[in-house]
Amino acid sequence: MNMIQAINSAMDVMMERDSSVVVMGEDVGYFGGVFRATAGLQDKYGKERVFDTPITECGIVGVAIGMGAYGLRPVPEIQFADYIYPALDQLVSEAARLRYRSAGEFIAPLTVRSPFGGGIFGGQTHSQSPEGIFTHVSGLKTVIPATPYDAKGLLIACIEDNDPVIFFEPKRIYNGPFDGKYDSPAKNWGSHPGGEVPTGYYRIPLGKAAVVREGEALTILCYGTMVHVVANTVAEAGVDAEIIDLRTLMPLDVDTIVESVKKTGRCMIVHEATRTQGFGAELAAVVQERCFYHLEAPIERVTGFDTPYPHSLEWAYFPGPVRIGQALKKILKD
Amino acid sequence: MPAAPQRSNLPKLSLHVPEPKFRPGDEVDFSDVDVPAAGSASRPDSAADPAEFHQLAYTLVRVLGDDGQAVGPWDPRLDPDTLRIMLRNMALTRAFDERMFRAQRQGKTSFYMKSTGEEAVAVAAAMALAQDDMCFPSYRQQGILITRGYPLIEMMNQIYSNKGDKLQGKQLPIMYSDREKGFFSISGNLATQYPQAVGWAMASAAKGDSRIAATWCGEGSTAEGDFHSACTFAAVYRAPVILNVVNNQWAISSFSGFAGAEATTFAARAIGYGIAGLRIDGNDPLAVYAATQWAAERARTNQGPTLIEHFTYRAEGHSTSDDPSAYRSAQEATAWPLGDPVKRLKEHLIALGEWDEERHAAQDLELAEMVRKTQKEAEKNGILGHGMHQKFETMFEGVYEEMPWHLKEQMQQMLDEEAAAGRPGPKR
């Protein structure tokens, strides 16, 4: 399966298992979603469980919270993460706080799916990586898969979770892994082990990172599209890096990170999002606090620049193999 | 940007900034407020097309006339016992407000908000709904909880954030929550409950349930984007929901003109969405009851949502942190042409020969005494700042279903700080 099919399959499995699961969003019903993630679901489960919505993100999330309060398990889609901001008040002030402020009387078991990330010539409003906004909000969980296998298992876990989850889907790798070489032919998931996806139910626990490559020279923390860009760059450079795909950003799998950095003594953080106060800053702080006496070099952050996401200069902006390669040289030189 | 060239042949544009008619010290004259006669508004069938409601969105549905008689097609014809229960619930809400406002002034809690003059909007509406219909209130519908029999001591425990507070001192006073009584957790963020109520109603419909939802916001909050998205969703899916706009003329210091009232009514907003809209005398408990009953029937028969504008007046300050004499004439509350909802219902019952001034005075005394006794009981659980709060650990509980490692670490840090500071834990 590709990642779209895996995500579709996760919703299919959960809708089959649990009649309280409903899917809603702009164009998700009859049409099956602008990325086809919900294709076929309305036919199979009916319009009362899979439906198109008006174009109002605050409405989509607000209505989903009310459905959650009723006892449903809504899976709203925000068409692009760049368009999640109108729903911020409902997410931050309501979904994230509902359990806390009602001392558990009401909960918001939503999974907000949204395609995110760049590398597709999406320009300013189809490329953003706003995960740092959500990891800052107590009460929200933030999950980002890097393979179809993980996407399905994690999405099922998100839908089953009783806390509100932001599930960001790296749209650059919907159809195949991306090594950062934008001028090479596109690959598909057929030849990648992460593309093998069981058709039935399985789940990947939230809060658990995956070590995608074991190594001794340094630890690289990444997620989403960057897992593949990093893996390829490291392989070509012949560096024995330990690559950790965080999978869940909040709550963070601190044990896996700390164990790895204590072993390697070096830590690099890679994300597409802008640098200043991006999630990488939190990762760097966590590593500095817990692994200070094991560190043999300053922690490196390889990120997008602190600019809006550009259109024509996308590949100068994107933290690709060149930027990662230079950071590798810097962190390994001592 | 360079200055625009002056075109001397065109008039200069000017910006209109609304201004209320009366400011502090001004003589108040409400004679231009259009108050149609009781009984004059038509009552369409609850299955009528939304397009038939244009006229009802600009008038005022009124049942109780100046003579205390109930008249016209909207008279809900309630029996005297029901009327007396309604009067009692409204009087109790007022007595509770008086006592808790004073408790804040005595420093027993940080904050309070009264609903004086708006008791009918919550009490009569709650009586017209089924007990298990879900309410998504704003912060000024305490009358719903009181009508549904929620224990006053629980409300007070919440206001005091004491050891009896089931919200564990996590919420600002009056931000109640009670799932059992169908009273959704109140949020400080305005109008967010509007789309949530619509979503609850959509869920009920999708599940083939028979319960409906009702929500309330002030006229000031109708300017929020959530109001628009909720009305759109409600209309699109014909959600079984009642959208109440409590137009009490004031949003803190801003008069209703800043929410658009100079140009139109709030009920008229419904027309553009294709929703049935009613504009009613919010100080007429029978009109509130009848309109809610009508809207509930409409929702329960799959005819869709109703928007009800309750035309009323916020008789007191916005909150204990507000001084209305700084922005409006002190005469407004007494000059308000629609009067006082408690007094109007009392006079109706007296006109029916089912009540008298002596019984009313006795009831007021009884309610005040009951509230006072309950307050004493609540204060045994502590008042704000007197140490009888919740266990320290509760601060970290309920952020997530299970506490993640970082919160466990922070909780330990806080416990260590408390131990180092020598501050005792809550008195049990």
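**Exercise 1. Describe the contact between chain B and chain A: how many residues take part, and how much area is buried?**

Step 1. Count the residues. Chain B gives 47 residues to the contact and chain A gives 44 residues. The model is a predicted one.

Step 2. Take the area. Interface size is often quoted as the accessible area lost when the parts come together. Here chain B and chain A bury about 3,700 Å² between them. Carbon and sulfur atoms account for 59% of it.

Step 3. Turn to the polar side. Between chain B and chain A, 25 residue pairs are in polar contact, both residues at pLDDT 80 or more.

Step 4. Assign the elements on chain B. Helices α5 (193-206), α6 (225-236) and α12 (405-421) of chain B each supply at least two residues of the side that touches chain A. The largest share comes from α5(B), with ten residues.

Step 5. Sort that side of chain B by class. It has 20 nonpolar, 16 polar and eleven charged residues.

**Exercise 2. How many salt bridges cross the interface of chain B and chain A, and how many does the structure hold over all chains?**

Step 1. Side chains of opposite charge can pair when their charged atoms come close.

Step 2. Apply the rule across the interface. Two salt bridges are found between chain B and chain A. One joins A:Arg290 to B:Glu409, at 2.5 Å from N to O. The cut-off is 4 Å, so this pair qualifies.

Step 3. Over all chains the structure holds 42 salt bridges. Among them is A:Lys181 with A:Glu236, whose closest N and O atoms are 2.5 Å apart.

Step 4. A:Lys181 sits in the loop between β6 (165-170) and β7 (210-213) of chain A, and A:Glu236 in helix α8 (residues 225-237) of chain A. The two residues are 55 apart, so the pair links distant parts of the chain.

**Exercise 3. How do the axes of α3 and α4 of chain A cross?**

Step 1. Get the geometry. The axes of α3 (residues 57-70) and α4 (residues 88-95) of chain A come within 8 Å and cross at roughly 30°.

Step 2. Classify. Angles under 35 degrees count as roughly parallel, so α3(A) is roughly parallel to α4(A).

Step 3. List the residues. A:Cys58, A:Val61, A:Gly62 and A:Ile65 of α3(A) meet A:Gln90, A:Leu91, A:Glu94 and A:Ala95 of α4(A). They divide into five nonpolar, two polar and one charged.

**Exercise 4. Which residues does the cis peptide bond join, and where does A:Pro251 lie?**

Step 1. Check omega. It is about 0° for the bond between A:Met250 and A:Pro251, a cis peptide bond.

Step 2. Locate A:Pro251. The loop between β10 (248-250) and α9 (254-264) of chain A holds A:Pro251.

How values were computed. Residues numbered from 1 in each chain as written. Chains lettered and ligands numbered in written order. Predicted model: local features only at pLDDT ≥ 70, side-chain atom pairs only at ≥ 80, totals over all residues. Heavy atoms only, no water. Contact = heavy atoms within 4.5 Å. Buried area = accessible area lost by both parts, 1.4 Å probe. Salt bridge = Lys/Arg side-chain N within 4 Å of Asp/Glu carboxyl O. Polar contact = N/O pair within 3.5 Å; in protein donor to acceptor, adjacent residues only side chain to side chain. Helix = DSSP H or I, 4+ residues; strand = E, 2+ residues; numbered from the N terminus. Nonpolar A, V, L, I, M, F, W, Y, C, P; charged D, E, K, R; others polar. Axes fitted to C-alpha atoms, helices over the stretch in contact; angles between N-to-C directions. Parallel < 35°, antiparallel > 145°, perpendicular 65-115°, else oblique.
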